Amino acid sequence: PLDGKQYYMAALAPGWWVDEDGDLWLCDQVTKSIMRCPLLGFDPHGSPRYEWAKAVPVVPADTSPWKFQPTNLKTTPTGDLYVQGTVEGNRDMKWFWMGGTAVVRFAPDGARRWLRVLPRVTVSTAADGTFWYTGEGSTAKVTMYTDDGLMLCEMAPGKPSGYVSGWIDHALGLYAFRHPKLQRHYVYAEEDFYGKSIRYRIEGVETLRRFGGKATR
């Protein structure tokens with residue numbers, strides 16, 4: 001109970017994220033919405049202060065034909081949300097219940113930029129501000145995408161890891177960042193069973209080019 005009210009919220013593992021401003025984000029499994037709980041400061045012990053009464057829905061439950069249901073999310077420095085979840089007719093995640101079958105990118109105000117249905121069930125997502133990534137469970141395969149959803153490459157355990165992997169089995173099992181000076185992109189993938197992580201380094205992305213045109217008949 002809080003302020004005489006009862007708040008029912010639930011998250012899958014973890015379904016939570018803390019952005020760079022300290023705000024809490026929740027993929028609420030009760031309302032099927034995405035909530036933001038703002039940081040209200042710190043108490044005398046230096047612990048962050050939050051109040052559920054201050055939480056606000058940023059992305060309401062999806063009423064489109066996709067019926068997207070969020071499972072977990074990551075934010076970027078620009079405020080965009082990369083949200084993993086499931087869509088209507090494609091919700092079977094078997095034992096990777098903390099993952100998803102689709103990823104949606106939302107603007108800071110909650111407007112949907114795009115939705116991409118994935119070819120396989122994934123466990124985790126990550127975003128480095130330029131690209132975004134998905135991590136699969138038992139194969140530990142990592143896939144790299146452009147910010148608008150174009151698949152670029154796939155990465156998997158290689159010779160340094162003995163070509164094997166312990167599973168990525170958690171939504172926080174993937175992390176990505178761009179080195180500010182070297183302009184290299186790094187991805188860290190969890191190695192749950194063997195108690196380690198695999199680091200991937202991506203170079204040469206500056207050579208990528210986009211081409212556009214019109215098709216006529």
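How many aromatic pairs does the structure hold? The structure holds 12 of them, where rings of Phe, Tyr and Trp, the last taken as its six-membered ring, pair if their centres lie within 6.5 Å. I shall return to two of these pairs after an overview.

Good morning, colleagues. What we have here is a predicted model, in which local features need pLDDT of at least 70 and side-chain atom pairs count only at pLDDT 80 or more, while totals for chains, interfaces and linings use all residues. Residues are numbered from 1 along each chain as its sequence is written, and side-chain values use heavy atoms, with hydrogens and water left out.

Let me begin with the overall architecture. The protein has 15 strands and zero helices; both are DSSP runs numbered from the N terminus, helices being H or I with at least four residues and strands being E with at least two. Its C-alpha trace spans about 55 × 55 × 40 Å along the principal axes.

Of the 217 residues, 43% are buried, meaning under 20% relative accessible area, with exposed over 50% and partly exposed in between, for a 1.4 Å probe and protein chains only. Among contacts with a separation of 6 or more, 43% join residues 24 or more positions apart, a contact being heavy atoms within 4.5 Å. The protein exposes about 12300 Å², of which carbon and sulfur atoms supply 54%; the areas come from the Shrake-Rupley method with a 1.4 Å probe.

Now to the aromatic pairs. The structure holds 12 of these. Tyr82 and Trp132 have ring centres 6.1 Å apart and planes at 35°, so this pair is tilted; planes under 30 degrees apart would count as stacked and over 60 as edge-to-face, the rest being tilted. Because Tyr82 lies in strand S6 and Trp132 in strand S10 (residues 131–135), the pair ties together parts that are 50 residues apart in sequence. Both Tyr82 and Trp132 are buried.

The second pair is Phe177 and Tyr188, with ring centres 6.4 Å apart and planes at 10°, so it is stacked. Phe177 belongs to strand S13 and Tyr188 to strand S14 (residues 185–191), 11 residues apart. Phe177 is partly exposed at 27% relative accessibility, and Tyr188 is partly exposed at 29%.

Tyr82 and Trp132 also form one aromatic cluster with Trp114 and Tyr145. Tyr145 is, in turn, one of the residues touched by Thr134. Thr134 is in strand S10 and is buried, with a relative accessible area of 1%. Not counting residues up to four places away in sequence, its other contacts include Val103, Leu118, Val142 and Leu174.

I close with the backbone. Most residues other than glycine have a negative phi. Lys94 counts as exposed, at 60% relative accessibility. Tyr163 has a positive phi of about 60° and is placed in the loop between strand S12 (151–155) and strand S13 (174–178). Tyr163 is likewise exposed, with a relative accessible area of 59%.
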